[in-house]
Amino acid sequence: MTESKDEQSGESSKNSSSKYMKIPIEVKARPYLILAPSLIVTIGILYPFVLAIIYSLTNYSFRSQTYHFIGLQNWVDMFSKREFWHAALVTSEYALASTGSELILGLGIALLLNRDSWYTRVLRVLLIFPLMVAPVIAVLIWQLMTNNAVGILEKLLNLFGLFNFPWASSAKTALFTAVVIDFWVYCPFVIILARAGLQSLPKSPFEAAKIDGGSAWFTFKTITLPMLKPILYIAVIFRLMASLQEFTIIYGLTKGGPGNTLMNLSITAYNTGFAFMRFGKSLPYILFLWLLIYIISQRLVKNWLAVQKAASGY
Amino acid sequence: MKAQYSRGVLGVSRSLLLAIYSLFALFPLIWMIIISFKSDAEMFTTTFIFHPTLSNYYSVLVGTDYLKRFLDNLIVSVGAVIVSVIVGVPGAYALARYNFKGRESLAFTILSFKFAPEILVILPLFMIYQKLHLYDTYLGLIWVYQLITLPLLIWVLRGYFEDISLEIEQAAQLEGYGWFHVFQKILLPLIMPGLVSAGLLAFIFAWNSFTFSLLLSGFKIQTVTVASLRYVASDTVHYGYMAVAAAIATLPEIILALLIQKHLVRGLSFGAVKG
């Protein structure tokens, strides 16, 4: 990541002296000093992260005052539990389903919005509203929609001959319900980014394609999509990282239920740590999740930088 | 003829798809408003035609501590944004203007706070906060909210600082103005629109945050997002109250979103996309 950034600045090394200020030695410490408050504020909070690694090697629990090191026991325990593999599966299902649907449909809707008329202008403003709603409040709103007593969706489904659709209360439809809520909140995020990307596209390749008589699909596939890639990567990075660790929507909806249907890694770590007070045991779950997110984000950011380079070659 | 016809079909289906999505995105909000004005008596018997009443609003705002929770949320979120602005604006400036060792690593370290699982921070912090007596305090929440607000402000503002040409700054320095004077009198006014919109977006994120306040507070101090959970899924659930709680928590953000539309792309992408 850092490497590729350096490459970029290496390219512009000729004018790098004009990009950054020349700093005399005596003020070399200045940027660090200016940044220090930001780092103090956040590292004071990040210190727990180091603690988390240490405590994951102990049998610390909120029940007793004393604890001792037990090596990798918590980690071994975790990997040998079916609970862990279930949580890992739920985590990936949720992340792929929500990020995937948001990316594909978000891009589609951005394309639909990408022409100028009175209603697209109005919708561009209105459609950001769900993104502003707190995820936990979104759960509340969707309970008002899906509840069989007052929910209007029940009436709608009745028209199609579906009665008592169970939504979050059944193991078969709980994941679907959670993903619908995630999609409702975050699809506008992808729409906003994709539309910004579409607007920034140069006109000439499209005019050329029109003259050549290329079909709409061909134009989309060979021109629009490659040029949109950098921005879509950003959307994927943000959404994937967040949906892998989603806690709020699932906690608000069913606290991981029914049964253990929606227990992803975040919820399992929370349950083990807070509900069962087994602190040491809960940490490997969340550290594993963090590691997963870290590796994926490194990979995606690297790809993003490569794709961005390729796209700017047009 | 044929081409014209198929273009017509295409246009109609485009509008239809857009209409379906818009209904899906906006109707839940409308439904929330409708239910919030419905009395318990009409809750199960009517759909769209009913006698609107303010009784739910009265019950929630006067009959419960929801207003106090609203205030708690406001104090914590505003506090978090203020702290982030104070430490983050100079930080963003340093990252934009100085070419120093470890610059990108520091910038990415700050960004990585956004992607760190909240539960990972909370588990150990829960114990530390109890030792330091920060558990269930405004200060404790404002501090941990820095993980939400600070990366956003630093990354967005860094971009705004980079947009200002260095010549402006150098010209002022040649006039003999000191570093801080230039920063305050020339740079700050130039980034002000960006700062305000990034600050408001950070406020929205802080306002919406749930996990930190669920697990690091809850007795004396409770945010709206946490407080609203009590209206969910109990046997004696009042759907009207639930709708009111949701509507009150959502309203400020919709207003703010309208104010910062133009800067939204840039803020949401942490400055990666300059919309």
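Helices here are DSSP runs of H or I with at least four residues, strands are runs of E with at least two, and both are numbered from the N terminus. On that count, chain A comes to 15 helices and zero strands. Keep in mind that this is a predicted model, where local features need pLDDT of at least 70 and side-chain atom pairs count only at pLDDT 80 or more, while totals for chains, interfaces and linings use all residues. Residues are numbered from 1 along each chain as its sequence is written, and chains are lettered from A, with ligands numbered from 1, in the order in which they are written.

Let's start with chain A as a whole. A residue is called buried if 20 or more other C-beta atoms lie within 10 Å of its own, exposed if 12 or fewer do, and partly exposed in between, with the C-beta atoms placed from the backbone. Take the contacts in chain A between residues at least 6 apart in sequence, and 73% of them join residues at least 24 apart.

For a look at how helices meet, go to helix 3 (residues 30–55) and helix 15 (residues 279–311) of chain A. They pack at an angle of about 115°, with their axes 8 Å apart. Here the axes are lines fitted to C-alpha atoms, for helices over the stretch in contact, and angles run from 0 to 180 degrees between N-to-C directions. From helix 3 of chain A come A:Ala52, A:Ile53 and A:Tyr55, which meet A:Phe279, A:Gly280, A:Leu283 and A:Leu287 of helix 15 of chain A. Sorted by class, the residues of this contact are six nonpolar, one polar and no charged. In this scheme Ala, Val, Leu, Ile, Met, Phe, Trp, Tyr, Cys and Pro are nonpolar, Asp, Glu, Lys and Arg are charged, and the others, Gly among them, are polar. Elsewhere in helix 3 of chain A sits A:Ile43, which counts as partly exposed because it has 14 C-beta neighbours inside 10 Å.

Now follow chain A through helix 9 (residues 152–159). None of its eight residues is buried, so helix 9 of chain A lies largely in the open. After helix 9 of chain A comes A:Gly161, with a positive phi near 80°. Further on, in the loop between helix 9 and helix 10 of chain A, you find A:Trp167. Its phi is also positive, near 45°, in a residue other than glycine. A:Trp167 counts as buried because it has 23 C-beta neighbours inside 10 Å. Another backbone feature to look up is the cis peptide bond between A:Gly257 and A:Pro258, where omega is about -5°. A:Pro258 belongs to the loop between helix 13 (248–254) and helix 14 (265–275) of chain A.

How do the two chains meet? The contact takes 70 residues from chain A and 79 residues from chain B. On the chain B side, helix 1 (residues 2–36) gives the most, with 12 residues. That side of chain B has 59 nonpolar, 15 polar and five charged residues. A:Ile286 gives a close-up: leaving aside neighbours within four places in sequence, its contacts include B:Pro117, B:Ile119, B:Leu120 and B:Leu123, as well as A:Leu265.

A:Ile286 also turns up in the largest nonpolar core, which has 169 residues; A:Ile286, A:Leu144, B:Leu157 and B:Ala245 have the most contacts inside it. Such a core is a set of buried Ala, Val, Leu, Ile, Met, Phe, Trp, Tyr and Cys residues joined through C-beta atoms within 7 Å. Helix 10 (residues 174–199) of chain A gives the most to this core, with 16 residues.

In chain B, the domain assignment, which is automatic or from a database, gives domain 1 (2–36) and domain 2 (59–268). Their C-alpha centres lie 34 Å apart, and four residues of domain 1 are in contact with six residues of domain 2. Finally, visit B:Leu201 in helix 10 (residues 179–208) of chain B, which counts as buried because it has 24 C-beta neighbours inside 10 Å. Leaving aside neighbours within four places in sequence, B:Leu201 is in contact with B:Leu152, B:Ile260 and B:Gly267.

How values were computed:
Two residues are in contact if their C-beta atoms, placed from the backbone, lie within 7 Å.
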